[in-house]
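Let's take a walk through this structure together. Have a look at the sequence and the fold, and then we'll go through the parts one by one.

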Amino acid sequence: AFHLCDSLQSVTIPNSVTSIGDDAFSSCKSLQSVTIPNSVTSIGDRAFSYCDSLQSVTIPNSVTSIGDEAFSGCESLQSITIPNSVTKIGDFAFDSCKSLQSITIPDSVTSIGDEAFSGCESLQSVTIPNSVTKIGDFAFDSCYSLQSVTIPNSVTSIGDYAFNLCRHLDEPSRLRLKELYCKLNLD
């Protein structure tokens, strides 16, 4: 709908909208703010990808799915609030969001897609809730600033290189990851 609309700086989506389609605002380089109403239940693939100026997004409680690459390449995105209604974070959903410093994953999420947070260079800590059973391949790859990760016993699958190049993980996080990898590979 607004794909490649370089002059668009702000968007308020009307209450009549129930879903944000694939590529809806993709590559809107000047988009700084977006207001998503409670009527929206899904955010499509690449909906806000490469919106370089987008700094923060609040996703309403009505949204149940965040599509693949939904916010991929949003280099200025510093914070994101994911509501308790979301059950799946898609592949590459926040890939290369280089300014993202914190993320709260709600108890409703059961799976974190492949490369969901890959390349989030400023991300410092992550708490994965008890509801999550699957962490995808390269999910947190190249999160260079990641120091602490909390992973619950509910996780039954950790993908290949899920925490690759997370060089600054503290000792408790490293031990927990080793313990989980051993446990999951023996089962």
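A residue is called buried when its relative accessible area is under 20%, exposed when that area is over 50%, and partly exposed in between, using a 1.4 Å probe and protein chains only. What you see is a predicted model, where local features need pLDDT of at least 70, side-chain atom pairs count only at pLDDT 80 or more, and totals for chains, interfaces and linings use all residues. Residues are numbered from 1 along each chain as its sequence is written, and side-chain values use heavy atoms, with hydrogens and water left out.

Start with Phe117, which is buried at a relative accessible area of 0%. Phe140 is buried too, and its value is also 0%. These two rings make a stacked aromatic pair, 5.3 Å centre to centre with 10° between the planes. Rings of Phe, Tyr and Trp (its six-membered ring) pair if their centres lie within 6.5 Å; planes under 30 degrees apart count as stacked, over 60 as edge-to-face and the rest as tilted. Phe117 sits in the loop between β10 (111–112) and β11 (125–127), and Phe140 in the loop between β12 (134–135) and β13 (148–150), so their pair ties together parts that are 23 residues apart in sequence. Strands here are DSSP runs of E with at least two residues, numbered from the N terminus.

How many aromatic pairs does the structure hold? There are 7. Another of them is Phe71 with Phe94, stacked at 5.4 Å centre to centre and 0° between the planes. Both Phe71 and Phe94 are buried.

Now for the strands. An open sheet of 7 strands runs in the order β2-β4-β6-β8-β10-β12-β14, with parallel pairing; two strands pair if DSSP finds at least two bridges between them. β2 (19–20) and β14 (157–158) stand at the edges with a single partner strand each, so one side of each has no neighbour in the sheet. β14 pairs with β12 in the parallel sense over 2 bridges, and Lys134 stands opposite Ser157 in β14.

Conventions:
Helix = DSSP H or I, 4+ residues; strand = E, 2+ residues; numbered from the N terminus.
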